[in-house]
Amino acid sequence: MESVIYIIDDIAGDYATLRRPDTGDTILVAMALLPFGADIGDTLLYENMCYTVQ
């Protein structure tokens, strides 16, 4: 499985908008799936079906 870098662009309630800096594509992800304390502007690594703050 490929590793993907995302940046948190927005947080609205229980969901965060993540953007891939290489393609500009965005996805909507439940905050419950992100690491505790993740905030706007944080860089995340998605690898093995898990998000980690970089």
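Trainee: Which residues do ring pairs link into a cluster?

Mentor: Tyr6, Tyr46 and Tyr51. This is a predicted model, where local features need pLDDT of at least 70, side-chain atom pairs count only at pLDDT 80 or more, and totals for chains, interfaces and linings use all residues. Residues are numbered from 1 along each chain as its sequence is written, and side-chain values use heavy atoms, with hydrogens and water left out.

Trainee: How many aromatic pairs are there?

Mentor: The count is two aromatic pairs. Rings of Phe, Tyr and Trp (its six-membered ring) pair if their centres lie within 6.5 Å; planes under 30 degrees apart count as stacked, over 60 as edge-to-face and the rest as tilted. Tyr6 and Tyr51 make a tilted pair, with 6.3 Å centre to centre and 55° between the planes. Tyr6 sits in strand S1 and Tyr51 in strand S5, so this pair links distant parts of the chain, 45 residues apart. Strands (E, at least two residues) and helices (H or I, at least four) are DSSP runs, numbered from the N terminus.

Trainee: Is Tyr51 buried or exposed?

Mentor: Tyr51 is buried, with a relative accessible area of 11%. Buried means under 20% relative accessible area, exposed over 50%, and partly exposed in between (1.4 Å probe, protein chains only). Tyr6 is buried too, at 10%.

Trainee: And what about the pair of Tyr46 and Tyr51?

Mentor: That pair is also tilted, at 4.6 Å centre to centre and 45° between the planes. Tyr46 counts as partly exposed, at 21% relative accessibility.

Trainee: Which strand pairs with strand S4?

Mentor: Strand S4 (residues 43-47) pairs with strand S5 (residues 50-53) in the antiparallel sense, over four bridges. Two strands pair if DSSP finds at least two bridges between them. Glu47 stands opposite Cys50 in S5. The hairpin of S4 and S5 has two residues between the strands, and Asn48 takes a positive phi near 55° there.

Trainee: Switching topic. Which residues are in the largest nonpolar core?

Mentor: The core has ten residues: Val4, Tyr6, Ile8, Ala16, Leu18, Val29, Leu34, Ala38, Leu44 and Tyr51. A nonpolar core is a set of buried Ala, Val, Leu, Ile, Met, Phe, Trp, Tyr and Cys residues joined through side-chain atoms within 4.5 Å. S1 and S2 are the elements that give two or more residues to this core. The largest share, three residues, comes from S1.

Trainee: What does Val4 touch?

Mentor: Leaving out residues up to four places away in sequence, Val4 touches Arg20, Leu44, Leu45 and Tyr46. Contact means heavy atoms within 4.5 Å.

Trainee: Which residues are linked with Arg20 in a network of salt bridges?

Mentor: Glu2 and Asp22. Arg20 and Asp22 meet at 3.0 Å, N to O. Glu2 is exposed at 53% relative accessible area, and Asp22 is exposed at 55%.

Trainee: What does Arg19 form a salt bridge with?

Mentor: Arg19 meets Asp9, at 2.8 Å from N to O. Arg19 is partly exposed, with a relative accessible area of 26%, and Asp9 is partly exposed at 33%.

Conventions:
Salt bridge = Lys/Arg side-chain N within 4 Å of Asp/Glu carboxyl O.
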